[in-house]
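Hi there,

Here is the structure I promised to pass on. Have a look at it first, and my notes follow below.

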Amino acid sequence: MAGNIELLSSVLATAKAEGRAALVGYLPAGFPTVDDGVRAVTAMVEGGCDVVEVGLPHSDPVLDGPVIQTADDIALRGGVKIVDVIRTVREAHAATGAPVLCMTYWNPVDAYGVERFAADLAEAGGAGCILPDLPVEESEVWRKAAEQHGLATVFVVAPSSRDERLAKITAAGSGFVYAASLMGVTGTRESVGQEAQDLVRRTRAVTDLPVCVGLGVSNARQAEQVAQFADGVIVGSAFVKRLLDAPDLETGLAGVRALAGELAAGVARRA
């Protein structure tokens with residue numbers, strides 16, 4: 001079975017045709033449990049997310065801030081495994097019809113087996129993989145497997161990336177480009193700065209792929225700001241926080257759904 005890279009491209013193109021940015025939501029698999037994680041990812045789409053990223057929890061998530069680290073720790077202590085991540089992708093896609101990507105560090109994929117991981121993710125209906133710590137120079141084995149199985153390979157670019165580096169990274173990627181709006185780890189921030197806008201401008205100069213901005217967006221106002229210049233707005237920590245802060249699961253799911261609705265309204269407001 002081929003993966004859903006074409007569905008991903010279609011959803012991003014539809015958002016653009018509607019004159020808005022796409023809303024991309026992130027949650028780690030296995031948080032708070034595997035079953036409840038599937039419900040939470042489904043709630044994001046029900047609330048208004050166009051695309052979802054399912055995180056593969058890692059014991060040393062170097063790019064992730066304290067909120068996502070806490071969620072990863074809960075998932076890992078709950079015994080989450082790669083098969084649970086694949087199951088989350090499968091069930092979330094089946095429940096929503098939305099494109100579902102896996103966001104993961106490289107080590108777990110390498111240990112699981114590159115071909116096996118690509119095949120299993122595609123069979124589950126996955127749309128692709130975001131690999132924040134895989135250097136483009138070392139990515140050929142993965143990219144070949146991903147292409148063979150109809151999966152996008154999404155690379156992360158940062159404000160520190162020089163123009164020639166941006167060109168090299170984006171030429172190897174597919175689906176979209178993940179633009180990290182600020183240097184450092186992920187997490188909610190008070191404002192999303194000029195750095196992000198400049199990075200999107202420079203990235204667009206070297207690729208026709210959609211450019212989606214993440215790392216720091218946490219509310220509708222920020223989503224609206226980013227939607228003025230990006231093709232997609234990625235939100236992770238704010239969704240995780242709704243679940244972490246909730247007194248019970250149902251309240252948390254309602255919070256996730258409501259936040260998605262607020263953010264969806266934000267990305268639809270373009271000047």
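Is the crossing of α8 and α9 left-handed or right-handed? The crossing is right-handed, where right-handed means that the near helix is turned clockwise from the far one by less than a right angle, and left-handed means anticlockwise.

Before the rest, some ground rules. This is a predicted model, in which local features need pLDDT of at least 70 and side-chain atom pairs count only at pLDDT 80 or more, while totals for chains, interfaces and linings use all residues. Residues are numbered from 1 along each chain as its sequence is written, and side-chain values use heavy atoms, with hydrogens and water left out.

Back to that helix pair. Helix α8 (residues 163–172) and helix α9 (residues 194–204) pack at about 65°, and their axes are 9 Å apart. Helices are DSSP runs of H or I with at least four residues, strands are runs of E with at least two, and both are numbered from the N terminus. Axes are lines fitted to C-alpha atoms, for helices over the stretch in contact, with angles from 0 to 180 degrees between N-to-C directions. On the α8 side, D163, L166 and T170 meet L199, R202 and T203 of α9; contact means heavy atoms within 4.5 Å.

Next, the sheet. Its 9 strands form an open sheet in the order β5-β4-β3-β2-β1-β9-β8-β7-β6, with parallel pairing (two strands pair if DSSP finds at least two bridges between them). β5 (152–154) and β6 (156–157) are at the edges with a single partner strand each, so one side of each has no neighbour in the sheet. The partner β7 (residues 177–180) runs parallel to β6 and is joined to it by 2 bridges, with V156 opposite Y178.

There is also a cis peptide bond to note, from F31 to P32, with omega near 0°. P32 sits in the loop between β1 and α2.

Finally, the largest pocket is lined by L12, A13, K16, R204, T207, D208, L209, P210 and D231. Helix α1 (residues 5–17) gives the largest share of that lining, 3 residues. A pocket here is an open set of points on a 1 Å grid over the protein atoms alone, where a 1.4 Å probe fits, with protein on both sides within 12 Å along at least five of seven lines; lining residues have an atom within 4 Å of a point.

Best wishes
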